[in-house]
Amino acid sequence: MDLVTILKTAVAVPVIGSLLIPVANKISVQVRNAYAVALGLVTFAAAASLLPHMMNGATATYALSFPLGFDFVLNADLLSVFMAAISSFVSAIILIYSLDYISHYENQTEYYTMVVLFLGSMMGLVFSANLLWMYIFWELTAFASWRLVGFFRSDRDVAKANKTILVTVFGALCMLIGILMVYFDHGTMDLRLLRGETITTAAAMLILVGILAKSATLPFSTWLPDAGVAPSTVTALLHAAVLVKIGVYAYARIFGVTFMVSPAFSHGVLIIAGLSALVAAGAALIDKDIKRIIAYSTVSQLGFIFLGLASGNKTAFVGGLLYILMHSIAKGGLFLCAGIVEQNTHNKDITKMGGLIKTMPITAVAFALCSLSVMGIPPFGGFFSKFLVFKGAAQHGSILVLIIFLAGAMMTLLYLVRLFYLVFLGEDKASNPREGSATMVGSVLALALIGLALGAFIYYPSLYVDMLTTQLGVGLETIQ
Amino acid sequence: MTTSLLAYLLIPLFTAILIPFAAKTRRKLADVLANVTLLAGLLNISFILFNPANIALSFSNITEDGFALLMIFIIYLVALCVTFFSSYFIGDDSKVNRVPYYSLIMTSVSAMCGIVTTGDFFTLYIFVEVLAVTSFALIASDESGKGLEGAIKYFLLTFPASLFILFGIAFLMLTAGTFSFESIKIIIASGIPAGAVVFSLSLILLGFLIKSGVAPFHAWTPDAYEGAYAPVSAYLAGIVTKISGVYAVIKISIMLRLFEIKAYHTAEILMFLGMLSIAIGALAALRQKELKRMLAFSSISQIGYIILAAGMGTPLAILGAIFHLVNHATFKTVLFLNSASLEKGAGTSDMRKLGGMEHAMPWTSWTSIVALLATAGVPPLSGFWSKLIIIIALWDGGAKTYAVLALLFSVVTLAYFMVMQKKIFFGNPTEASRNAREVRPAMLAPVVVMCLLIAALGVFFPYIYSYLVETIAARIIL
């Protein structure tokens, strides 16, 4: 298949395929589940098969003409394929894990439809080379996450789901204003034409509001821990793999490889990210709900990704992109482990757990491995990304920002150790828990081992990311 | 008057007269006659609109005014949805007499077609009055008493509007010496007695603003929609208010932009009122407990967008206004018909008494979601594109503050709809919801068709846009 066909497949299969899931449900539940997983796997296969082509310097573009410069342009380049491969991989794992996890709840058809639709909008978003279409897919993800967070239908759950969509849509509308300002300044919304242009501070700030709202960074972070009422698969999808990564992807795409931004703007982003990393880490240290702790941890880790992307030099940017990869895998694993724990102990309060390592050994191991990767302990993948981010940030030269982030990294260590200790070690408090089903445990173990493997073979991802940064990075200093 | 489109006006009128005679003994025949007439009209206008040969000529072979074609299409579509829905909704309900009900609907379809095809203010006024009288009677068609209250409120509060319009038209005759739209445009362009013409146009405009229910003249809409017989409120909100008020406002604002100096601030006032409506409608909708009242306030808010764009007056803004008018007709019809379905299925449309309806009425729930997302302007549905065009036009025309505010009020729109969806369809089932069941497929059909249209208008946006540009903008605006 030629590249454009693969590109179209990666976007069209999940978006259009998801709408047929209710139809598949009419045939049988098994057909529906198999179909949903197949959609996820096909999407991942399509995105992954583009990776080697991108390494060889190929690009693929598919364009449809729309009036008023609203052209629908799909463009595969190093960055978009990188993001697409990561998120489709984690989404596929989540779909497989869901087969058991979700099997005894209501609204399953809606669940599968929305997960796949979500994946499809994510694909559309990363491949869109037009700001307006990025916005359109952005809103589609908001819609899907609204239904997913509101999976359980009690008043409280639905209220949290409404909060999620309202916060992110508010951010998105601010971003739309920013996009329109770009449109009126430059006469186009096509990112390929905007490359290397400067962006006004006002427009950049408005777009940033949208990004911060989506990636749950301060001051818009409140929706993310609240969205923990959703099933663990949803939180893994939203908080680890896809939704929050949309924000950092948009940052990398708009401010990393398209527009030149002023140093003051980047510095402001660093401060916000630093505060976000610190405050969220503090919250993770004191919370008692296992999923909320991991959610706060995500808010905190996203700060590190922003640190990498906004530091303005090549090393940090490479680190930031690697961080996206490592964090998606490791955090996805953590949420799915939490799902097993929650489902088998019927409890989310970590003070009422303990000693689970005896009854859930594989989950405990997977949890430990993922935690180590998030903490950034060598030889896990998370170490290299964190190291590069700090190295780059040190070169950028702001001591204050560096100290804030070092403190954040220390706290990461603390809250993850605390979490692991309270849940898996210590005395046995929960009543007869048992290990999760084979598919569920297999999924988390796969994620944990991949995290380890990425560390062992860090050469390949870093080669890719290095090439990406060299070819696409705009306005990055190269200090060795 | 565009004579080639006269059939769209005369045939429903003929049916309206026929119904009382034909359905004298067999009342069900009234349903059939009304539906068949409207379906025939809809097929006919669709055949004209979607014929590639006509599209290639930008419809210059049919009419000089592409705006009217689009409006006739939407009038027939909404009216057909409402009559088809009504024919099952009324059922064996003895409170509603089918014969006058369908007769009145057919008369009002005829009057609306008259409004959109007429070429002068006096004919416009006559048809608007016919429409007002039929709506008045339709609101009261539910003889249980509440309908009568709504009807009286509608009559009393829109009565001054007619006075303003009549007075304005008289003054126009004195100053400009003509009623015809084209002649008035020529007089404006020649620039002679500008002040007097603006005054008379403003009076007419004021009348139509009251009829469209724009803030601060919105007091009648919630009462009328709430009090009206359920399908009638869909009909009123979906199309009647748009045609009797908003359509004329757009027409007049096209004239206003011909004045050199922004028509002595009339256009600015129009924009301000539009923004005020957006804000008041959205904020008031947040606080409503009764579904139909909430939808009424939502209508006020959405009409605000149309008026805001009309006030801006640039070709792109007018396009956006027309597009939003069409879109609003579709999604408001869905939401009001769904509220009628709720009344049928669960016995009430009071949000406090409902909950967990999604299991009992899944189709109603999902069609509501589609319509509310379109109203809030969530892409890729139709409402997103029309709002985007309006916002871009506002920004381009220099009204950046309005553009930003109008955009941010989408969040409020989304918020009140989220509250609605949560209270009615999600959450735990209440007393009323437990016994509820989905309405019959025939009643869902119009709603589903409208939802498909909402999606199609959004997905096929480039075609819609080129229709608007080539047929409407090229002909009537410039």
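A residue is called buried if 20 or more other C-beta atoms lie within 10 Å of its own, exposed if 12 or fewer do, and partly exposed in between, with C-beta atoms placed from the backbone. L354(B) is buried by this rule, because 24 other C-beta atoms lie within 10 Å. The structure is a predicted model, in which local features need pLDDT of at least 70, side-chain atom pairs count only at pLDDT 80 or more, and totals for chains, interfaces and linings use all residues. Residues are numbered from 1 along each chain as its sequence is written, while chains are lettered from A and ligands numbered from 1 in the order in which they are written.

L354(B) sits in the loop between helix 14 (315-346) and helix 15 (357-360) of chain B. Helices (H or I, at least four residues) and strands (E, at least two) are DSSP runs, numbered from the N terminus. Two residues are in contact if their C-beta atoms, placed from the backbone, lie within 7 Å. Apart from neighbours within four places in sequence, the contacts of L354(B) are L342(B), A346(B), T348(B), K423(B), I424(B), T430(B), A432(B) and S433(B). N428(B) is 74 residues away from L354(B) in sequence, and their C-alpha atoms are 8.9 Å apart in space.

Now consider chain B as a whole. Chain B has 21 helices and zero strands. Its radius of gyration is 21 Å, close to the 23 Å that the globule rule gives for 478 residues, so chain B is as compact as a globular protein of that length. Here the radius of gyration is taken over C-alpha atoms, and the globule rule is 2.2 Å times the number of residues to the power 0.38. The C-alpha trace of chain B spans about 70 × 50 × 45 Å along its principal axes. Of the 478 residues in chain B, 60% are buried. Among contacts in chain B between residues at least 6 apart in sequence, 80% join residues at least 24 apart.

The next topic is the nonpolar core, a set of buried Ala, Val, Leu, Ile, Met, Phe, Trp, Tyr and Cys residues joined through C-beta atoms within 7 Å. The largest such core has 388 residues, and those with the most contacts inside it are I72(B), I75(B) and A406(B). Helix 4 (residues 66-89) of chain B gives this core its largest share, 19 residues. Not counting residues up to four places away in sequence, I72(B) touches L5(B), Y8(B), I45(B), C113(B) and V116(B).

How many residues does each chain bring to the contact between chain A and chain B? The contact takes 21 residues from chain A and 21 residues from chain B. On the side of chain A that touches chain B, helix 6 (131-149) and helix 7 (155-186) of chain A each supply at least two residues. The largest share of that side, 13 residues, comes from helix 7 of chain A. By class, the side of chain A that touches chain B has 16 nonpolar, two polar and three charged residues. In this count, Ala, Val, Leu, Ile, Met, Phe, Trp, Tyr, Cys and Pro are nonpolar, Asp, Glu, Lys and Arg are charged, and the others, Gly among them, are polar.

One helix of chain A can be followed in detail. Helix 17 (residues 361-375) of chain A has 15 residues, which at 1.5 Å a residue should span 21 Å, and its end C-alpha atoms are 21 Å apart, which agrees. The expected span is 1.5 Å times one less than the number of residues. Since 11 of the 15 residues are buried, helix 17 of chain A is largely enclosed by the rest of the structure. Among the buried residues are F367(A), L369(A) and M375(A). What covers the buried residues includes helix 14 (290-310), helix 15 (314-345) and helix 18 (381-396) of chain A. Helix 17 of chain A is followed by G376(A), with a positive phi near 90°. The peptide bond from P378(A) to P379(A) is cis, with omega near 5°, and P379(A) lies in the loop between helix 17 and helix 18 of chain A.

Chain B also has a helix 17 (residues 382-396), with 15 residues and 21 Å from its first C-alpha to its last, close to the 21 Å expected at 1.5 Å a residue. Helix 17 of chain B is mostly covered, with 14 of its 15 residues buried. Just after helix 17 of chain B, G398(B) has a positive phi of about 95°.
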